[in-house]
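Biologist: I am new to this structure. Please take me through one part of it closely.

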Amino acid sequence: YSIDFQQALHSLPPRQAKALKLFLEGYSHEEIALDFGITTGASKTLVYRAKMGIEKFYQNEITMNSSP
């Protein structure tokens, strides 16, 4: 992962970050759910929220870097 992406991951709650990392490494939502002891739907929610958190992180970075 790039340094910026690592920073973005660290900005997330730990469970979201771990779920997203597992998903990006190719684990299915079923496998993530088993690892966390949650439902498949909850796994999908964790990954979705993590993706939204990453997007927000990058939007904030762009805003901060484009300000005078």
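**A close look at His29**

Modeller: The side chain of His29 makes a polar contact with the side chain of Ser43, at 3.0 Å. A polar contact is a pair of N or O atoms within 3.5 Å; within protein, one must be able to donate a hydrogen and the other to accept it, and residues adjacent in sequence count only if both atoms are side-chain atoms.

This is a predicted model: local features need pLDDT of at least 70, side-chain atom pairs count only at pLDDT 80 or more, and totals for chains, interfaces and linings use all residues. Residues are numbered from 1 along each chain as its sequence is written, and side-chain values use heavy atoms, with hydrogens and water left out.

His29 lies in helix 3, residues 29-36. Helices (H or I, at least four residues) and strands (E, at least two) are DSSP runs, numbered from the N terminus. His29 counts as buried because its relative accessibility is 16%; buried means under 20% relative accessible area, exposed over 50%, partly exposed in between (1.4 Å probe, protein chains only).

Beyond residues up to four places away in sequence, His29 touches Phe23, Thr40, Ser43, Lys44 and Val47. Contact means heavy atoms within 4.5 Å. Ile32 is in contact with Ala19, Leu22, Phe23, Tyr27, Ser43 and Val47, leaving aside its neighbours within four places in sequence.

Now the wider setting. The protein has four helices and zero strands. Its pattern along the sequence is α-α-α-α. Of its 68 residues, 29% count as buried.
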